[in-house]
Amino acid sequence: MANNPHTEPNSGEANDTEFKTTEQSKSENLEGYRSDATGHDLRTNHGTRIADNHNSLKAGERGPTLLEDFVFREKLNHFDNERIPERIVHARGAAAHGYFQPYDDAAQYSKAGLFQDSGKKTPVFVRFSTVQGARGSNDTVRDVRGFATKFYTDEGVWDLVGNDMPVFFIQDAIKFPDFVHAVKPEPHNEIPQGQSAHDTFWDFVSLMPESTHMVLWTMSDRGFPRHYRNMEGFGVHTFRMIDKQGKSRFVKFHWKPLAGTCSLIWDEAQKLWGRDPDFNRRMMWEDIENGDYLEYELGIQVVEEEDEHKFDFDILDPTKIIPEEQVPVTLIGKMVLNRNPDNFFAETEQVAFNPAHVVPGIDFSNDPLLQGRLFSYLDTQMLRLGGPNFHEIPINQPVCPFHNNQRDSMHRQTINKGQASYEPNSIDGGWPTETPPAPENGGFESYHERIDANKIRARSESFGDHYSQATLFWNSQTDVEKEHIIAAYAFELSKVQRPWIRERVIQEILPNIDLELARRVGEMHGVETPSTKPAPPEQLGSSSLKESPALSLMARLPDNIKYRKVAILVADGVDADQVEAAKARLEAEGAEGLVIAPSMAPVKATNGQMVVPDAMLNGMPSVAVDAVIVAGGDDSATALSRSGLGLYYVQEAYKHLKAIAAIAEGKGLLIAANVPTAEDGIVVGSSVDDIFTPFRDAMGQHRVWSRDAKANDMPA
Ligand code: HDE
């Protein structure tokens, strides 16, 4: 445990403020806790060697087991108690280690140590999650994604506990239990899992108009990102940054993915629930193992104190964004996720985030949702991680030294030396001591905001406009995105049993966003909708800004094919040279070509070579890849055309707007499957050179968007 800050002697002389993290600090800190059984004997938890791990101790070979069998009892007893409560929300997640490195001008906004030196790498641990489903639910459900980052800085842990959407469903934390009870599986039968498509969710949100903006975000394709690397992140609330002069500015935090933003197609996301429920976590895991790291830039929108009231919404209202067109995002650093955890439970499950974990240079605003969160996260860890010593769990420990007079409780591991566990004291030399005055010595000092107010339970009038920004979001979507949103509302409401809830959404909520949206969803439910938009409450909102291109997912599509997976379909009689050439061209662009065959048995090529498949048609179905190439060879194309799985593969890829290429005889499979061969995004040619450039360009657009309107005609 050489690097455990707890084990460092508190000599009373160490200057804690001189502590400096490095990129490796957290890994070194964890090293003391890693355990590798290679070469070791099997022993009990108390060190006794175990001679027989197959037979319990019995009274005779066929007799009852004896209570005396401590080996058996310890093993079963530990096993019986393996589970801890899962998180009440964000139960399903996956995480990775990495580092954050600031850009040159970050230091001007915050005095926090991690922003001061552009050469410095601060270790981070990031957990991505879904919100509604249980720990064992599916990755690709329609839901918000958590994006929680723990920075292990010189000055302590800073947690930026964000989501992949920049607003939230409610304005005041006192409504959080109501909201979560409404969205979670219903209490009488625990149905549905990982879904918002049910009565209690739509009942609640249609009675709480403040949720309208966020619900619209979740009905967009942002609800099911293709990959965590293609997802934006947001701090949601307005925070403060304090600079070296003590000046405070309001900030909104953004994570901008360097690989661009893109999502799955809803039908594809649903099919993945069955085909690969671990889709997002698997892709992240495999990419990191392959050295294809996830990268994001950290951005801030900065609002000077004196500009707090210059917007037509309240910057303390967490159901509002600050449009990027009004306050651009300044990029202040880069994060790279480059190492998978060693153990899911020890790290990903036991990590405890808390927005109240801040360091000097970061502070809170009075956003009433944020204020409530500052209570909730510490509280929830008490039950989940079994008491107040969860900060001693290795993944949660800061890497800088920390000493205080907190003592005892369940599972305490630190052996605090000395007699005085109080301050001030004259017995242990007065240690550990405070560091006044805070700004000079690195102590945390809350921003001296002047507050002159009445104690009151009320919602500020400035929080009253629930629709203008929803309309702004709607107006900023491309036509394809709008169609997907209409389909999403229609789908979700079709799962709602009570007609009055459906009608309330369609007639009372949607018209406030957009009449056409309401009409189209109403049409699919046989519900009449108003022909004029309800007037917004006077004096409120309705920004002059009518559109914000930054709100469209398509504004930041990846413009290359890096990290993309392409299925190369083959069967006996395939042209092996084409397979090799296609793989090489893909690899040269940072993509991966995967040979997919009817079975895992090596395929016999026309030149006599054996081609070894990476997967079989139903093992890596089209929903698990980004595009498809059908290789040439008469017999290969014929065999694939006679296979239901082969036909379905290209039909489904077509339906999900994927680029498809067929080389030479490979075209036969497209014809047999009724996939059009002369259309955008379908490339046929006689060689890999023929098809590659147009195929790559189509893939670079992520999907063949022009196909969207007729995709549903394909029966797959
Ligand atoms: Fe959370 N949230 N939350 N939340 N939240 C939790 O803490 C809570 C909110 C977010 O990967 C819980 O340790 C309240 C907004 C993430 O471990 C709990 C309110 C945002 C994660 C909790 C909110 C988030 C959580 C459950 C309204 C985006 C997962 C387990 C006032 C800015 C972190 C836990 C991880 C987890 C409370 C709203 C993000 C119960 C009371 C807004 C990413 O404490």
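View 1. Because 9 of the 9 residues of β3 are buried, β3 is largely enclosed by the rest of the structure. Strands (E, at least two residues) and helices (H or I, at least four) are DSSP runs, numbered from the N terminus. Residues are numbered from 1 along each chain as its sequence is written. The model is predicted: local features need pLDDT of at least 70, side-chain atom pairs count only at pLDDT 80 or more, and totals for chains, interfaces and linings use all residues.

**View 2. The strands paired with β3.** β2 and β3 pair in the antiparallel sense over 7 bridges (strands pair if DSSP finds at least two bridges between them). β3 and β4 also run antiparallel, joined by 8 bridges. F151 has W158 in β4 as its bridge partner. A hairpin is formed by β3 and β4, with 2 residues between them.

**View 3. The shell around the ligand.** The ligand is surrounded by 25 residues, and the closest are R87, H90, G146, A173 and V236 (a residue is near a molecule if its C-beta atom, placed from the backbone, lies within 6 Å of it). Two or more residues come from each of β2 (122-130), β3 (145-153), β4 (156-163) and α9 (368-384). α9 gives the most, with 6 residues.

Methods:
A residue is buried if 20 or more other C-beta atoms lie within 10 Å of its own, exposed if 12 or fewer, and partly exposed in between; C-beta atoms are placed from the backbone.
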